Amino acid sequence: ASAEPDGSSFAQVQALTRVAGKATSAMASDSDVFTGILLLCQVAFLAYFKMSGFSYATEDKIDFSPTFYVMFIDVSIMIFFGFGFLMTFLRRYGYSAVGLCVMTSCVVIQFSLVMQGILKEQLDEGGHLNLFTLVNGLFCAGAVMISMGASLGKLSASQLIVMALCETVCYWVAFVVYMGKIGAHDAAGGITLHAFGAYFGLAVAYVFSNRATLSHKDNASIYSSDLFSLAGSLFLWILWPSFCGAVAEPGAPMFYAVTNTFIGLLGSTMGFAVVSRLLHGGKFNIVEMQNATLAAGVAMGVPADLDIGPSGAMGLGLLAGIISTIGYARLDLSEMLGLGDSCGVNNLHGMPGLLSGFVGLLVLDTYKQGMGMICTLSIAVVGGLSTAAVMKLFPGVKDSEAFNDSAMWEVPDDYAKLQ
């Protein structure tokens, strides 16, 4: 006969049941809120497209050249596959990394078309649909994915979608101020996309970081998850020249953007290769391989379409790779500020983005570039902190559920066996 449980064991079971019930209730609430927000967004976007007269671009604004179409597809792969799989390094968060990347990016692109229509008087393009406005939407989604990376594993789906919507507004306001009002130069988003997304996301992550998430046992990778992440990294590396070239003027500027970026990526890969083993007892670090090798794509953002020469491109890439590698190895924001930067976006997008801005200060109009940087970073930080305050009003993830797919996904039986 089996023994009856003693009082203390029974009390423990009851306590665990209550915790599980509260967690299930919280995520059910998150599910309802998430679904409601998405439905409202779809209704609002459809109403805007219909009532505003939003339509396909006129024939003179349709650029469907083979070159531009290929770049559009390349940028799409970067956003939906590259960023998604780069974030699969967390051992129990692969479904969420890719799935939430796809869903959130779709909403951001839709909303970006609306924002471009609203701000069409301040933009060269907007109020219609062509590949260029879609690429602009993909760029905005890239900024949001960078911000998602800073808080990866710590946000519920509803909080993430609220962040994405608020950040989309801030992104386009900052873009109009930087490019339109100030007239600063940013060929491929070194400041307006990468630095903006990084510091907006870090401001949000600062609010959502706590002792439990900083030391969470599932805030970690395993061999297979790092391989999936490396696949995302390689896709980003290969396609990044298209990312920089897609928004450059046809002809020489587009040629410079593509070749500068590729030569720069060679340099940042060498920067990682030279420095990484020196910092880790003679062995390479896979996190630095996944990220620092991409740093040149970020650093090339501002000057990508300029004739900086092969030596300038290689030197900038090499420096970006070294800075990023050292950042991952030695700069711990959790110890310095109590800020949990899940993906290390400060090291891949923040500091290399600022490096891109500093290059702009040297080779372009110093006043305009400086003012553009100050305004963009100010909007990013203030916008991120304000957005985080709004996000706190929505159902969140319990500390025990952080960095776990099981909080919002059906998972297979072997999920529980992951170590």
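User: What makes contacts in the chain count as joining residues at least 24 apart, and what percentage does so?

Analyst: A contact means heavy atoms within 4.5 Å. Taking the contacts between residues at least 6 apart in sequence, 83% join residues at least 24 apart. Do keep in mind that this is a predicted model, where local features need pLDDT of at least 70 and side-chain atom pairs count only at pLDDT 80 or more, while totals for chains, interfaces and linings use all residues. Residues are numbered from 1 along each chain as its sequence is written, and side-chain values use heavy atoms, with hydrogens and water left out.

User: How do you know whether the radius of gyration agrees with a compact globule?

Analyst: The radius is taken over C-alpha atoms, and the globule rule is 2.2 Å times the number of residues to the power 0.38. For 419 residues a compact globule would come out near 22 Å, and the chain has 22 Å, so the two agree. Along its principal axes, the C-alpha trace spans about 85 × 60 × 35 Å.

User: What counts as a helix or a strand, and how many of each are there in the chain?

Analyst: Both are DSSP runs numbered from the N terminus: helices are H or I with at least four residues, strands are E with at least two. By that count the chain has 15 helices and 2 strands.

User: Why is Ser324 called buried?

Analyst: Buried means under 20% relative accessible area, exposed means over 50%, and partly exposed lies in between (1.4 Å probe, protein chains only). Ser324 has 0% relative accessibility, so it counts as buried. Across the chain, buried residues make up 53% of the 419 residues.

User: Where is Ser324, and what does it touch?

Analyst: Ser324 belongs to helix α12, residues 309-330. Not counting residues up to four places away in sequence, it touches Ala292, Ala295, Asn347 and Leu348.

User: What makes Ser324 and Asn347 a polar contact?

Analyst: A polar contact is a pair of N or O atoms within 3.5 Å; within protein, one must be able to donate a hydrogen and the other to accept it, and residues adjacent in sequence count only if both atoms are side-chain atoms. Here a polar atom of the Ser324 side chain lies 2.9 Å from the backbone oxygen of Asn347.

User: Which residues does Gly327 contact, and is it buried or exposed?

Analyst: Gly327 also lies in helix α12. Its relative accessibility is 2%, so Gly327 counts as buried. Leaving aside neighbours within four places in sequence, Gly327 is in contact with Asn347 and Met351.

User: Why is Ala389 called partly exposed?

Analyst: Ala389, in helix α15, has 46% relative accessibility, which means that it counts as partly exposed.

User: How do you know that Met78 is buried, and what surrounds it?

Analyst: Met78 sits in helix α2, residues 66-86. Its relative accessible area is 1%, so Met78 is buried. Leaving aside neighbours within four places in sequence, Met78 is in contact with Phe83, Leu236, Leu239, Trp240 and Phe243.

User: What makes the phi of Phe403 worth a look?

Analyst: Phe403 has a phi near 60°, a positive value in a residue other than glycine. Most residues other than glycine have a negative phi. Phe403 lies in the segment after α15 (366-391), and with a relative accessible area of 1% it is buried.
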